[in-house]
Amino acid sequence: MNNAKRTISWTAALSYFAFSLVINSMGNVLTIVTSQKIHPSILGSAYWTAAQNGLNHSLHGNSATLSIVFFVVGMLIAVLNMVLEHRIDIKRFLGNLAFMVPFSALISVFASAFSKLLPEAHSWPMIAFYIFLNFFGVSLIAIAISIYQRTNIVLHPADDLMQVLRFKYFKGNAGIAMWVSYIPPTIIGVIALIMVPDFTNYGIGTIFAFLFQGSITGWADTRIFSKLKHQGIAID
């Protein structure tokens with residue numbers, strides 16, 4: 001998958017990557033915090049985020065331990081990626097690890113900031129605004145995935161999984177690859193619910209992410225930074 005040439009400079013690639021890392025972290029936390037601020041909870045988080053946040057809750061964790069859960073799950077998925085690629089790629093594994101370090105740190109930073117910034121929602125206008133923010137957060141995640149998949153420097157393990165599936169098994173179809181990549185978080189979510197039957201992390205935002213996140217990623221490929229093409233990937 002990495003035998004194609006690169007057409008942009010490393011400076012440009014790193015700039016795109018840094019931007020996408022920030023908006024991905026921000027989007028993930030937006031889905032978590034907006035879900036927590038509405039009572040009863042009807043929003044839920046983005047699909048992977050909901051599963052990992054649910055696992056953190058089932059382990060009686062807090063905002064500090066959430067980044068640890070994100071990190072550990074990410075490493076397990078990085079191993080799965082090598083299985084699907086049918087080869088041990090230490091460089092790729094270390095790249096997934098390198099992604100998880102700043103990503104987990106940014107998750108903690110944004111979680112603390114947004115938890116303090118966003119008040120509890122007690123009116124319908126505020127609830128409607130939080131629903132918009134939740135869907136916007138999912139869209140930010142999808143756009144970020146599109147950008148850093150195209151730069152293809154290092155990837156979040158879950159998005160690397162989606163990219164492996166997309167180009168190795170599904171002929172570049174982002175929507176189908178995203179749905180198949182949701183099998184691991186579905187398993188994680190079921191385990192978390194068995195441990196602690198709390199559906200707080202799941203709702204209409206989770207459904208929105210399941211239905212549309214892959215399609216938004218495919219849309220962003222051609223509409224957001226449209227001149228940025230997939231780097232280092234041979235696309236049939």
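My entries follow, starting with the ground rules.

**Ground rules.** This is a predicted model, where local features need pLDDT of at least 70 and side-chain atom pairs count only at pLDDT 80 or more, while totals for chains, interfaces and linings use all residues. Residues are numbered from 1 along each chain as its sequence is written, and side-chain values use heavy atoms, with hydrogens and water left out.

**Cavities.** I searched the whole structure and found two cavities of 30 Å³ or more. On a 1 Å grid over the protein atoms alone, a cavity is a set of points where a 1.4 Å probe fits but cannot get out; a pocket is an open set with protein on both sides within 12 Å along at least five of seven lines; lining residues have an atom within 4 Å of a point. Points are joined across faces, edges and corners, and a volume is the space filled by probe spheres set on them.

I put the largest cavity at about 140 Å³. Of its 17 lining residues, Asn28, Trp48, Thr49, Ile141 and Asp159 lie nearest the centre. Helix 1 (10-36), helix 2 (47-58), helix 5 (124-151) and helix 6 (157-169) each give at least two residues to this lining, and helix 2 has the largest share, with four. Helices (H or I, at least four residues) and strands (E, at least two) are DSSP runs, numbered from the N terminus. By class, I noted ten nonpolar, six polar and one charged residue in the lining. Here Ala, Val, Leu, Ile, Met, Phe, Trp, Tyr, Cys and Pro count as nonpolar, Asp, Glu, Lys and Arg as charged, and the others, Gly among them, as polar.

The second largest cavity holds about 40 Å³. Its lining includes Gly54, His57, Asp198 and Tyr202. Helix 2 supplies the largest share here too, three residues, and helix 8 (183-195) gives at least two.

Next I looked up the second largest pocket, with a volume of about 250 Å³. It has 15 lining residues, with Ile32, Gln36, Asn53, Asn56 and Asn201 nearest its centre. Two or more residues come from each of helix 1, helix 2, helix 3 (63-85) and helix 4 (90-117). I counted four nonpolar, ten polar and one charged residue in this lining.

**Helix 5 on helix 9.** Which angle do helix 5 and helix 9 pack at? I got about 35° for helix 5 and helix 9 (residues 204-223), with the axes 8 Å apart. Axes are lines fitted to C-alpha atoms, for helices over the stretch in contact, and angles run from 0 to 180 degrees between N-to-C directions. The contact (heavy atoms within 4.5 Å) includes Phe135 and Ile141 of helix 5, and Phe208 and Ile216 of helix 9. It comprises twelve nonpolar, seven polar and two charged residues.

**Record check.** An unreviewed UniProt entry lists residues 96-115 and 202-220 among its "transmembrane region" spans; such annotations may be inferred rather than shown by experiment. In the model, residues 96-115 are 100% helix, with end C-alpha atoms 28 Å apart. For residues 202-220 I noted 89% helix and 25 Å between the end C-alpha atoms.

Most residues other than glycine have a negative phi, and most peptide bonds are trans. A cis bond joins His39 and Pro40, with omega about 0°; Pro40 sits in the loop between helix 1 and helix 2. Asn152, in the loop between helix 5 and helix 6, has a positive phi near 55°.
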